[in-house]
Amino acid sequence: MRASNFIPMRVCNHFISLKLFNSKVNSFRSVTVCVIGSGPAGFYCTQHLLKLLPTSSIDIYEKLPVPFGLVRFGVAPDHADVKNVINNFTKIGSDSRVKFIGNVSLGKDFKLQHLQEAYNIIILCYGADQDIELKIPGEKLNNVIPARKFIGWYNGLPHDQDIPINLDVENVNIFGHGNVAIDVARILLKSVDDLRKTDITENSLSRLAESKVKTVRIIGRRGPLQVAFTIKEFREILKLPNVQTIINPELFENTESILPDLPRPRKRLTELLFTTTRKSQTTAQSDKKLFIEFFRSPTKFTGINAVNGVELVINKLKNLHDISPELQQIEATCQKEYVPCELIFRSIGYKSSKVDQEIPFYSSNYIGKLRVLPGVYSAGWLSTGSTGVILSTMSNAFKTAYEICEDIKNGIINDKEDKPGYNYIKKILKKEGKITVDWQGWKNIDKVEIERGKYRNKPREKIVNVSEMLEIGGRAE
Amino acid sequence: MKYIPTNKFIQSRSLTTTINNLQEKEKSTPQYEVTFVKKNGERIKVTCNEGDSLLDVVLNNNLDFDGYGACGGTLTCSTCHVILKKEDFDRLPDTPTEEENDMLDLAYEYTDTSRLGCQIRITKDLNGLEVCLPSSINDARS
């Protein structure tokens, strides 16, 4: 108590202004918010809104029975540290102002219109669950696998557990030069023993243990200065034991003169690619090989039932003078190439689904606008397209939350009207006899997964089946 | 002290922490001071123990910096990005490792004197260090 004598006047003044501020915030008391999707964008939006609107109540809806979106189903199992964000999300999910409702889908169990009746503010952040297709002949052949599904498979995403993948093959081609392509290559080339202690599913681990994959080619349509993967992921794959990374040095003939003018991240990445070309000529032979190939677009996948090769067209840069090296576009030449392979991954980006016809898309693959409709906002990959790391999604989600508060302050959002919130949606779910999972339900699932992981020295053994999840954590509304 | 809403107000919290620290930790560990300067100019001065990383300092003092230290100091994100004065940057005992530089490549508002807070440990030499925080909101589309 004595300490109170030492509180400087400045602090007292702040205290008074804080009280005033609080009373202003209290006028938002009736604000009911729903967040559609419980990935990083959803949780970061919730975190920021709780801070800016401390008296709001926020309901997070999730299509799956379990939370965390791509942190659980996208981040690679050997990137455990990246998943530390879950600790923060768990704190948010446990907040008394936050309600988690799992196993419910917008567009199936209820419509956007229902949400508009129930909530003052709707934040759409259900990500990008479809993959962009190449639209070339042979794309439907067996063993042409969307990278997204492969990642879902080894990460335990329920509806990707039955992908018809044959790993009894030696040569793999991956199309796309992003971090997803690098993840796929790393999981295929990494020693299975190094994956055992991760949270990779037991089923995919045993399948990967039987894999015969020896050569992986990561093929991109543009050049080394246009790759989309980040340096950390690329450096990591270079360090894999028993894997030799090979890049054609000729591609770098003219790059040294451009290097000093490149932005720092691009410069460091290009230097590392260049160093790799020199190492690829000197390193001792390894069992497994990774080729990074450039300026090639697939025009046809060949094969009768399963894929057995790919026809490629060779591209060249347009070398437009007014465009920076990173943004250069390509054009096809008349040169062609044929590469035999028995497994192909398509990894050229994700796109979002229009789960409700009332949701306008301002870009072809995503919403492309923060303010979607009056009272309806977007965040994360659904808002911006599938690009960037968690930091970019965090920053973007904070921005959405910030703009919502600006709109409230400016009277753009009607926060005076009392909205029924979850009670309204609950009635709809009850009518359907829907089983949902609340935060405690998730905690129960989490506990079982961690318990099961203990037997195998893993952080968790994920449950890969929706009905089993519901048996443990579900309850009828 | 009970009239101050310590969970809402950073400066009062740091004051509380300072007092608690003084009461509880009159032990052997030397105490140092660090100041964080937010984008809006707000200055937050806190105390810390010898050897604490800047990320520890933020966590131990419950500083409410949005999204700071998302990966828990494992060099897998760049949310603990701080910007130092040139002279402070130069007198740090170590230069950024390859791994730290790889993450700094993804940091917003990167400068030549940027570091990750989880990699800077406070020693006697760095007592009184002042670092700037970049803004936490960037439009990913810009």
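Residues are numbered from 1 along each chain as its sequence is written, chains are lettered from A and ligands numbered from 1 in the order in which they are written, and side-chain values use heavy atoms, with hydrogens and water left out. Because the model is predicted, local features need pLDDT of at least 70 and side-chain atom pairs count only at pLDDT 80 or more, while totals for chains, interfaces and linings use all residues.

**First stop: α6 and α7 of chain A**

Select residues 147-154 and 179-189 of chain A, which are helix α6 and helix α7; helices here are DSSP runs of H or I with at least four residues, strands are runs of E with at least two, and both are numbered from the N terminus. The two helices pack at an angle of about 50 degrees, with their axes 10 Å apart, where axes are lines fitted to C-alpha atoms, for helices over the stretch in contact, and angles run from 0 to 180 degrees between N-to-C directions. That angle makes α6(A) oblique to α7(A), on a scale where angles under 35 degrees count as roughly parallel, over 145 as roughly antiparallel, 65 to 115 as roughly perpendicular and the rest as oblique. The crossing of α6(A) past α7(A) is left-handed, a term used if the near helix is turned anticlockwise from the far one by less than a right angle, with clockwise giving right-handed.

To see the contact (heavy atoms within 4.5 Å), show A147(A), F150(A), I151(A) and Y154(A) on α6(A), together with V180(A), D183(A), V184(A), I187(A) and L188(A) on α7(A). These contact residues divide into eight nonpolar, no polar and one charged, when Ala, Val, Leu, Ile, Met, Phe, Trp, Tyr, Cys and Pro count as nonpolar, Asp, Glu, Lys and Arg as charged, and the others, Gly among them, as polar.

**Second stop: α16 and α17 of chain A**

Move on to residues 439-455 and 466-473 of chain A, helices α16 and α17, whose axes come within 8 Å and cross at roughly 115 degrees. The two helices are therefore roughly perpendicular to each other, and their crossing is right-handed. On α16(A) the contact is made by G441(A), N444(A), I445(A), V448(A) and R452(A), and on α17(A) by E468(A), M469(A), I472(A) and G473(A). By class, the residues of this contact divide into four nonpolar, three polar and two charged.

In the loop between α16 and α17, select N457(A), which counts as exposed at 59% relative accessibility; buried means under 20% relative accessible area, exposed over 50%, and partly exposed in between, with a 1.4 Å probe and protein chains only.

**Third stop: single residues inside chain A**

Select N173(A), which lies in strand β7, residues 171-175, and is buried with a relative accessible area of 1%. Not counting residues up to four places away in sequence, N173(A) touches R217(A), I219(A), V310(A), V339(A), C341(A), L343(A), I344(A) and F345(A).

Next, go to E233(A) in helix α10, residues 231-238, a residue that is buried at a relative accessible area of 13%. Leaving aside neighbours within four places in sequence, E233(A) is in contact with H79(A), N179(A) and I182(A).

Two loop residues follow. F68(A), between β2 (57-62) and α3 (69-73), has a positive phi of about 90 degrees although it is not a glycine, and counts as buried at 2% relative accessibility. N103(A), between β3 (98-102) and α5 (112-118), has a positive phi of about 70 degrees, again without being a glycine, and counts as buried at 11%.

**Last stop: cysteines and chain B**

With a disulfide taken as a pair of cysteine sulfur atoms within 2.5 Å, the count over all chains is zero. In chain A, select C125(A), whose nearest cysteine sulfur, that of C45(A), is 5.5 Å away; C125(A) is buried at 6% relative accessibility. In chain B, the sulfur of C77(B) is 3.7 Å from that of C71(B), the closest cysteine sulfur, which is too far for a bond, and C77(B) is buried at 13%.

Finally, display chain B as a whole: it has four helices and five strands, running α-β-β-α-β-α-α-β-β from the N terminus on. Buried residues make up 50% of its 142 residues.
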